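Here is a short report on backbone geometry and helix packing. Look over the sequence and model first, then read on.

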Amino acid sequence: MELCIIGSGYVGLVTGACFAEVGHTVVCVDNDQRKVDKLQAGQIPIYEPGLEDIVHRNVAARKLRFTNSIQDGVDNSQVIFIAVPTPPQPDGSVDLSYIEKVAREIAGVIKQDQYRVIVDKSTVPVKTGEKVYDTIKRYNKTGATFDVVSNPEFLREGCAVGDLMKPDRIVIGSDSDKALALMKKVYEPFLAPILVTDINSAELIKHAANSFLALKISYINAVSAVCEASGADVELVAEGIGADKRIGRSFLNAGLGYGGSCFPKDIAAFIAISEQLGIPFTLLKEVEKINRDQKERFLKSIRDTLWVLRDKKIAVWGLSFKPDTDDVRCSVAIDLVNDLIKEGAEVRAFDPKGMEKAKEFNLVPGAVLVNSPLEAVEGAEALIIATEWKEFANVDLAAIKEKMHTPLIFDGRNLFDPATMTNAGFTYRGIGRRVAQK
Ligand code: UGA
């Protein structure tokens with residue numbers, strides 16, 4: 001099939017590349033000409049495992065191309081996906097101006113004899129589909145026939161290609177049999193279960209899913225605080241809870257809390273949506289509060305041990321909001337570095353992929369960014385692990401201990417086993433972990 005994706009950001013680019021990989025012919029539209037040129041030349045603006053190969057292969061095979069022309073995309077595709085940003089506004093509600101603009105642009109170029117399916121892939125508040133439909137109808141002057149469909153995306157950064165190629169489920173919200181038939185054809189090659197709903201339900205599924213996952217994280221983080229106060233171990237508790245199939249073990253990893261470009265924004269949006277509908281979702285406010293408290297509790301435990309942070313040499317491993325991505329947006333690691341610097345600490349930080357973007361956007365102006373985990377700990381009075389990159393787990397512990405001024409580790413992502421670290425001669429503090437005695 002011929003498909004068009006409008007917006008070549010994270011979701012748009014990965015979706016376009018994977019659609020081409022399964023055999024569709026895809027044109028990706030972006031209004032940033034520099035980005036279009038780079039992508040067409042094979043330069044990928046984000047780090048996402050496996051993505052570069054797929055893009056190169058499919059551009060070479062002419063299954064994937066990039067343009068700045070919506071007209072080109074709409075003329076040459078039966079199904080048009082909208083994957084543009086839906087950023088938060090100061091009050092938490094969603095800024096839908098990019099979606100609205102794209103809807104008007106599509107309206108301006110659909111021809112009368114072209115039936116088109118317009119698919120909303122961006123994360124949007126419930127009832128956005130209705131607005132997109134009305135906008136296209138109002139601004140289109142050719143009397144073109146079209147349908148609007150909601151098809152939320154569930155990919156995670158860092159494993160986006162795998163999530164897209166092997167999804168747990170595909171949600172299609174549609175009020176039209178004709179559009180639904182085309183959507184099923186788009187997803188046929190993925191061999192995944194398809195859940196068909198109305199448009200409003202599909203839109204709601206996305207916000208409800210992300211909020212539930214954030215709730216799971218805040219739940220285990222609240223449990224981790226009780227573990228610390230009582231001497232229990234959160235990893236064992238998570239294992240015990242998670243073994244119940246009704247609960248499941250995933251997203252029960254205690255740590256510094258959730259960050260990134262999705263959860264913080266989507267939970268705030270769901271709260272705003274519920275308030276606009278007159279049924280405030282107060283549980284989610286508590287989810288946000290626990291998330292904020294988690295970082296504060298961690299900082300407090302650092303202060304409790306180091307006493308005064310001014311002039312202390314602190315190493316930080318990790319800047320990206322999670323491993324396997326260079327994305328540093330709304331990263332708790334970045335906030336933590338800035339908090340430490342504000343208190344006068346001298347921070348040396350390292351991240352395998354996130355440093356370029358941290359530098360580009362000047363996110364940690366007071367920190368020294370170094371080239372290896374070992375360089376970061378040189379003379380350090382404490383090491384903080386803020387992102388659980390695999391390469392950190394494989395470091396030479398003896399070399400780390402040797403380089404540090406004092407072998408003290410605050411592990412904000414429970415990357416290490418407390419007993420191993422204690423045996424290796426470190427004073428080790430995890431999140432909600434039992435303190436191992438030597
Ligand atoms: C999230 C969802 O998982 C995707 O399904 C969704 O498509 C995406 O948002 C989106 O809306 O676009 P993502 O933000 O890429 O994906 O990353 P996650 O793996 O969900 O992690 C989010 C945050 O939660 C990270 O900061 C991570 O460190 C934290 N987290 C995750 C925990 O603290 N504990 C856990 O057990 C899991």
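## Two loop residues

Arg62 sits in the loop that joins α3 (51-60) to β3 (64-67). Its phi is near 60 degrees, a positive value in a residue other than glycine. Arg62 is exposed, at a relative accessible area of 74%. Here exposed means over 50% relative accessible area, buried under 20%, and partly exposed in between (1.4 Å probe, protein chains only).

Leu191 lies in the loop between α8 (177-187) and β8 (194-197). Leu191 is not a glycine, yet its phi is positive, about 50 degrees. Leu191 is exposed too, with 79% relative accessibility.

## Basis of the model

This is a predicted model: local features need pLDDT of at least 70, side-chain atom pairs count only at pLDDT 80 or more, and totals for chains, interfaces and linings use all residues. Residues are numbered from 1 along each chain as its sequence is written, and side-chain values use heavy atoms, leaving out hydrogens and water.

Helices (H or I, at least four residues) and strands (E, at least two) are DSSP runs, numbered from the N terminus.

## Packing of α9 and α11

Helix α9 (residues 199-230) packs against helix α11 (residues 263-276) at an angle of about 115 degrees. Their axes are 9 Å apart. Axes are lines fitted to C-alpha atoms, for helices over the stretch in contact; angles run from 0 to 180 degrees between N-to-C directions.

The contact (heavy atoms within 4.5 Å) includes Leu204, His207 and Ile217 of α9. From α11, Phe263, Phe270 and Ile273 are among the contacting residues.
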